Amino acid sequence: MRFIEEYLARAEQLHLHRKTSTYEPIDATHVKYDGQTYLVLASNNYLGLTHCRAVQQAAAAAAMTYGTGSGGARLITGTHPLYPLLEKELADFKETETALVFNTGYMANLGTISALAAPGDTIFSDELNHASIIDGCRLAKASIAVYRHADTQHLAELLRSADCRGKRLIVTDGVFSMDGDIAPLPSIVRLAEHYRAWVIVDDAHATGVIGPGGKGTAAYYGLEKKIHVQLGTLSKALGAEGGFAAGSRTLIDYLVNRARSFIFSTALSASTIAAARASLNELVQRPALVEKLKANSSFLRKRLTSAGLKIAPAETPIIPVPVGPAALTLELAQMLKNAGLIISAIRPPTVPEGTCRLRIAVSAAHTVPELSEAADKISWAARRLSIIK
Ligand SMILES: *Cc1c(COP(=O)(O)O)cnc(C)c1O
């Protein structure tokens with residue numbers, strides 16, 4: 001199988017070869033590696049809930065009550081009593097009739113989009129949408145019209161010109177995962193109403209992050225009633241794993257029957273669902289967490305901007321530091337690691353060629369002194385590598 005070796009050698013040469021690294025988590029924002037302690041600015045653990053005592057205890061107690069694995073798919077024997085409770089709580093939080101939990105956010109997107117669109121339909125998709133949306137679109141075998149990022153004029157043109165016999169679906173990230181900007185939902189909804197299209201919003205980076213009480217993108221714009229499907233994950237701001245689709249009762253009934261990533265996979269453990277429920281409860285009970293996340297994000301953004309880095313203004317905890325070439329981005333990430341910071345270097349295929357960047361992810365669990373020191377280190381390293389003057 002020579003093609004495998006050739007692929008790997010070429011990826012290495014282009015500085016695009018990737019491998020996993022193992023860190024020992026200490027708390028929500030620190031890891032140990034080779035005896036050293038690092039501050040993590042690369043995790044989607046936006047509220048630090050993975051290490052909240054109440055969440056940890058809920059997970060442990062559920063394992064003792066219900067066992068570890070679920071033992072089966074949801075439609076067979078996997079639906080333990082915590083599932084309907086979580087789904088009710090998610091629906092209340094998202095202000096929808098009901099919700100359906102999938103095993104990951106990836107599977108929620110894949111299963112939902114591929115169940116809702118079919119050959120003859122057209123899916124209108126932002127060019128920077130997450131890979132799980134892209135894969136869902138491909139699996140649906142519908143026509144795919146990709147519009148320029150957040151460009152609703154382009155979306156309007158495509159909607160006007162698409163030769164669509166079937167349904168129209170518009171799909172977008174709520175908060176874009178690699179850029180941290182927020183989708184222009186009001187214009188999207190206006191167009192959707194005009195063209196009778198459905199709107200599907202992936203709130204992986206928005207739930208627990210934007211909108212009143214961290215309710216997500218639809219709530220941020222007050223458009224809860226206009227979004228047909230709100231997708232989300234339990235793995236980012238909520239300190240567990242899993243994904244979900246929230247919407248009408250008939251939609252969810254349909255997904256239970258048609259979404260293959262739901263039907264053909266073993267259900268999540270009680271422990272994971274308990275962690276998700278406890279996390280959601282923390283989020284609902286402690287809106288100050290979302291405010292702290294906002295304050296931390298805006299603090300770091302300001303510090304990096306005043307150091308001369310080109311930071312796009314935004315109000316989310318995702319802060320991309322544009323670098324460009326892959327090798328230079330890796331070098332910057334390595335320098336910062338030597339200085340005690342874990343920040344991911346993002347390269348193709350995650351982002352388009354030539355737009356490599358550091359992707360800083362802020363957490364409510366970071367302290368201001370930690371962020372301040374991190375800002376100094378980042379601007380020092382960027383200066384050393386002539387990324388800034
Ligand atoms: C992380 C992410 C997902 C996938 O969620 P997982 O729970 O990690 O599988 C989906 N969409 C977006 C925009 C994401 O960033």
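Me: Which residue stands opposite Lys32 in strand 3?

Reply: Thr37 stands opposite Lys32. This is a predicted model, in which local features need pLDDT of at least 70 and side-chain atom pairs count only at pLDDT 80 or more, while totals for chains, interfaces and linings use all residues. Residues are numbered from 1 along each chain as its sequence is written, and side-chain values use heavy atoms, with hydrogens and water left out.

Me: How do you know that strand 2 and strand 3 pair?

Reply: Two strands pair if DSSP finds at least two bridges between them. Strand 2 and strand 3 (residues 36–40) have 4 bridges and are antiparallel, so they meet the definition. Strands here are DSSP runs of E with at least two residues, helices are runs of H or I with at least four, and both are numbered from the N terminus. The hairpin of strand 2 and strand 3 has 2 residues between the strands, and Asp34 takes a positive phi near 55° there.

Me: What joins strand 1 to strand 2?

Reply: Strand 1 (residues 24–25) is joined to strand 2 by 2 bridges, in the antiparallel sense. Pro25 stands opposite Val31 in strand 2. These two strands also form a hairpin, with 4 residues between them.

Me: Why is His30 called buried?

Reply: Buried means under 20% relative accessible area, exposed means over 50%, and partly exposed lies in between (1.4 Å probe, protein chains only). His30 has 18% relative accessibility, so the residue counts as buried. His30 lies in strand 2 (residues 30–33). Not counting residues up to four places away in sequence, His30 touches Glu24, Pro25, Thr37, Tyr38, Leu39, Val40 and Glu370, where contact means heavy atoms within 4.5 Å.

Me: What makes the pair of His30 and Thr29 side chains a polar contact?

Reply: A polar contact is a pair of N or O atoms within 3.5 Å; within protein, one must be able to donate a hydrogen and the other to accept it, and residues adjacent in sequence count only if both atoms are side-chain atoms. The contact between the His30 and Thr29 side chains is at 3.2 Å.

Me: How many disulfides does a search of the whole structure find?

Reply: The search finds 0 disulfides, a disulfide being a pair of cysteine sulfur atoms within 2.5 Å. On the burial scale, Cys52 is buried at 14% relative accessible area, and Cys356 is buried at 2%.

Me: In what order do the 7 strands of the open sheet run?

Reply: The order is 4-10-9-8-7-5-6, with mixed pairing. Strand 4 (98–102) and strand 6 (143–147) are the edge strands, because each pairs on one side only. Within the sheet, strand 7 (residues 168–173) and strand 8 (residues 198–202) run parallel and are joined by 5 bridges. Ile170 has Val199 as its bridge partner in strand 8. Helix 8 (residues 185–195) packs on the sheet, touching strand 6, strand 7 and strand 8.

Me: Why are helix 5 and helix 10 called roughly perpendicular?

Reply: Axes are lines fitted to C-alpha atoms, for helices over the stretch in contact, and angles run from 0 to 180 degrees between N-to-C directions. Angles under 35 degrees count as roughly parallel, over 145 as roughly antiparallel, 65 to 115 as roughly perpendicular and the rest as oblique. The axes of helix 5 and helix 10 (residues 249–258) cross at roughly 100° and come within 10 Å, and the two helices are therefore roughly perpendicular. The contact involves Thr112, Ala115 and Leu116 of helix 5, with Leu251, Tyr254, Leu255 and Arg258 of helix 10.
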